[in-house]
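Please brief me on this model.

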Amino acid sequence: MPVLSTPTIPIILASGSPRRQELLASLGLQFEVMPSHVDEDVSAGIPPAQYVETLAARKARAVAARLATRGEAPALVIGSDTTVVIDGTYLNKPADEAEAIAMLSRLQGGTHEVYTGLCVRHHPSGREEIAHSVTQVTMRPLPEERIRRYVRTGEPMDKAGAYAIQGYGATLVQRIEGDYFTVVGLPVGLLADLLERFGVPVF
Ligand SMILES: Cc1cn([C@H]2C[C@H](O)[C@@H](COP(=O)(O)OP(=O)(O)OP(=O)(O)O)O2)c(=O)[nH]c1=O
């Protein structure tokens, strides 16, 4: 674990995701957490890269707006969004166990893509740097009984695509092509690039 350093400008993570909090902390930066609670509805037919970038920006903008209302000092706000895409269909968090089973039945034995969008927004100037990253994940063929047992662990319920590669879900994955952290929900290399553009190097 790196020594925690205080960045030159306060950093705010606009996310309630514990995975995102852990990954950002692993970079050794000090930051505050402010979940955005935005509506995640996006117009139908939007391509996946645009979809995750739109939601990442919406999250960062919602939190930046809160800072503006309170007249807060300058800060960098980080928003992020992850979605699983298979054959043009977006799989977000399952509503219940039945939907989790349906999602995993669809993903098993094949390859899908995980898209994560990132937005770093400067408050109060409104300058934004937005980008996304995509990783291909191939899942092992899984018997239905194994899918049901996995869903009963409770792990899939708050995860896009109903699995967590960083948890028991690691055992479901055959291979990935691309950045692991994109699948977990915060591509740290891409984030470091965006922070550098604001003159905030991670190290
Ligand atoms: C595919 C996959 C997703 N996920 C998680 C990352 C995200 O938390 C979640 C996707 O939902 P998101 O809507 O991206 O994020 P969130 O609602 O959890 O948090 P917030 O909007 O406040 O930032 O799925 C994993 O943890 N592991 C995985 O392997």
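The briefing below goes topic by topic.

This is a predicted model: local features need pLDDT of at least 70, side-chain atom pairs count only at pLDDT 80 or more, and totals for chains, interfaces and linings use all residues. Residues are numbered from 1 along each chain as its sequence is written. The protein chain has 6 helices and 7 strands. Both are DSSP runs numbered from the N terminus (helices: H or I, at least four residues; strands: E, at least two).

**Fold and dimensions**
- Along the sequence, the protein chain runs β-α-β-α-β-β-α-β-β-α-β-α-α.
- The C-alpha trace of the protein chain spans about 55 × 40 × 25 Å along its principal axes.
- The protein chain has a radius of gyration of 17 Å, which agrees with the value near 17 Å for a compact globule of 203 residues. The radius is taken over C-alpha atoms, and the globule rule is 2.2 Å times the number of residues to the power 0.38.

**Ligand shell**
- There are 26 residues around the ligand, and Ser15, Gly16, Ser17, Ile165 and Gly185 come nearest. A residue counts as near if its C-beta atom, placed from the backbone, lies within 6 Å of the molecule.
- Helix H1 (18–26), strand E3 (75–86) and helix H5 (180–184) each give two or more residues to this shell.
- E3 gives the most, with 4 residues.
- By class, the shell has 9 nonpolar, 10 polar and 7 charged residues. Nonpolar means Ala, Val, Leu, Ile, Met, Phe, Trp, Tyr, Cys and Pro; charged means Asp, Glu, Lys and Arg; the others, Gly among them, are polar.

**Helix pair H3 and H4**
- The axes of H3 (residues 97–107) and H4 (residues 144–152) come within 10 Å and cross at roughly 135°. H3 is therefore oblique to H4.
- Axes are lines fitted to C-alpha atoms, for helices over the stretch in contact; angles run from 0 to 180 degrees between N-to-C directions.
- Angles under 35 degrees count as roughly parallel, over 145 as roughly antiparallel, 65 to 115 as roughly perpendicular and the rest as oblique.
- From H3, Glu97, Ala100, Ile101, Leu104 and Ser105 meet Glu144, Ile147, Arg148, Tyr150 and Val151 of H4. Contact means C-beta atoms, placed from the backbone, within 7 Å.
- The contact of H3 with H4 has 6 nonpolar, 1 polar and 3 charged residues.

**Backbone exceptions**
- The His123 to Pro124 peptide bond is cis, with omega near 10°. Pro124 is in the loop between strand E5 (111–123) and strand E6 (128–139).
- His37 is not a glycine, yet has a positive phi of about 55°. His37 lies in the loop between strand E2 (32–33) and helix H2 (48–69).

Conventions:
Contact = placed C-beta atoms within 7 Å.
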